[in-house]
Amino acid sequence: MKYNNFFKEYSNSIFKLLNQVDTNLIDLAIELIKKKIKSGNTIYIIGNGGSASIASHVSVDFAKVAKIKSSTFNNSNLITCFANDYGYENWVKEAIKSYCLKNDLLILISSSGKSPNIINAARYCSGENIDLITFSGFKKDNELSTFGNVNFHVDSENYNLIEMTHHIILVSLVDIFSQKILL
């Protein structure tokens with residue numbers, strides 16, 4: 001069993017990163033989501049690559065499991081159309097302009113915290129006073145982490161560890177609502 005040690009170290013790395021999460025941010029995120037639910041707004045979750053997959057999974061879980069209106073922009077027609085017309089670095093911002101209402105909540109995910117399309121979307125949300133939760137990694141002072149009402153940062157430079165930690169945090173938010181823990 002030559003891979004046992006790798007797996008144990010890997011899972012311990014994720015556990016350590018999760019234990020570094022500021023749980024006050026969980027409370028702030030829950031309060032922001034509750035505010036959006038009460039006013040009938042939608043939660044949009046957006047990322048690139050693996051983060052787009054996380055966004056899709058969590059968006060479906062918010063809608064199906066927690067009964068919270070949620071969506072994502074992981075439609076190839078939407079992405080290619082908006083990227084073609086506005087440039088890849090602006091497609092998310094333009095999709096937000098077309099699909100989101102001012103009182104909706106955006107959750108933007110970028111492992112590096114420096115994806116241009118996610119940064120431009122965050123900058124737009126900030127300028128329009130659209131509530132925003134961000135998820136990032138790598139450098140603590142990355143650009144994405146300067147825009148959100150709530151900013152989750154994972155202190156790692158390993159994409160998979162960052163993405164798994166983001167995923168677990170987001171799924172825990174879903175479960176807090178689905179299990180009615182917040183009563």
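## A walk through the fold

From the N terminus on, the elements of the protein run α-α-β-α-β-α-α-β-α-β-β-α. This is a predicted model. In total there are seven helices and five strands. The radius of gyration is 16 Å, close to the 16 Å that the globule rule gives for 183 residues, so the protein is as compact as a globular protein of that length. Along its principal axes, the C-alpha trace spans about 50 × 40 × 30 Å.

Buried residues make up 50% of the 183 residues. The accessible surface comes to about 9,600 Å². Carbon and sulfur atoms account for 52% of that surface. Of the contacts with a separation of 6 or more, 68% are between residues 24 or more positions apart.

Now go inside. The largest nonpolar core has 28 residues. Ile-33, Phe-62, Ile-133 and Phe-152 have the most contacts inside this core.

Take Ile-33 as a way into the largest core. Which residues does Ile-33 contact, leaving aside its neighbours within four places in sequence? They are Ile-43, Phe-62, Ile-68, Leu-105, Ile-133, Leu-173 and Phe-177. Two of these partners, Phe-62 and Ile-133, are themselves listed with Ile-33 as having the most contacts inside the core.

Phe-62 leads on to α3. This helix has 15 residues. At 1.5 Å a residue, α3 should span 21 Å, and its end C-alpha atoms are 21 Å apart, so the two values agree. Its buried residues are Ser-51, Ala-52, Ile-54, Ala-55, Val-58, Ser-59, Asp-61 and Phe-62. An α-helix has 3.6 residues a turn, so residues three or four places apart point the same way. The buried residues of α3 pack against α2, β1, β2 (70–71), β3 and α7.

Loops deserve a look too. Ser-112 lies in the loop between β3 and α6 (116–127). Ser-112 has a relative accessible area of 10%, under the 20% cut-off, so this residue is buried. A polar atom of its side chain lies 3.1 Å from the backbone nitrogen of Lys-114. Leaving aside neighbours within four places in sequence, Ser-112 is in contact with Gly-137, Phe-138, Asn-142 and Tyr-159.

One of those partners, Phe-138, is found in the loop between β4 and β5. Phi of Phe-138 is near 55 degrees, a positive value in a residue other than glycine. Asn-129, in the loop between α6 and β4, also has a positive phi, near 55 degrees. Are these two residues buried or exposed? Phe-138 has a relative accessible area of 18%, so this residue is buried. Asn-129 has a relative accessibility of 60%, over the 50% cut-off, so this residue counts as exposed.

Terms used: Residues numbered from 1 in each chain as written. Predicted model: local features only at pLDDT ≥ 70, side-chain atom pairs only at ≥ 80, totals over all residues. Heavy atoms only, no water. Core = buried A, V, L, I, M, F, W, Y, C linked by side-chain atoms within 4.5 Å. Buried < 20%, exposed > 50% of the residue type's maximum accessible area, 1.4 Å probe, protein only. Contact = heavy atoms within 4.5 Å. Helix = DSSP H or I, 4+ residues; strand = E, 2+ residues; numbered from the N terminus. Expected span 1.5 Å × (residues − 1). Polar contact = N/O pair within 3.5 Å; in protein donor to acceptor, adjacent residues only side chain to side chain. Rg over C-alpha atoms; globule rule 2.2 N^0.38 Å. Areas by Shrake-Rupley, 256 points an atom, 1.4 Å probe, with all protein chains shown as cover.
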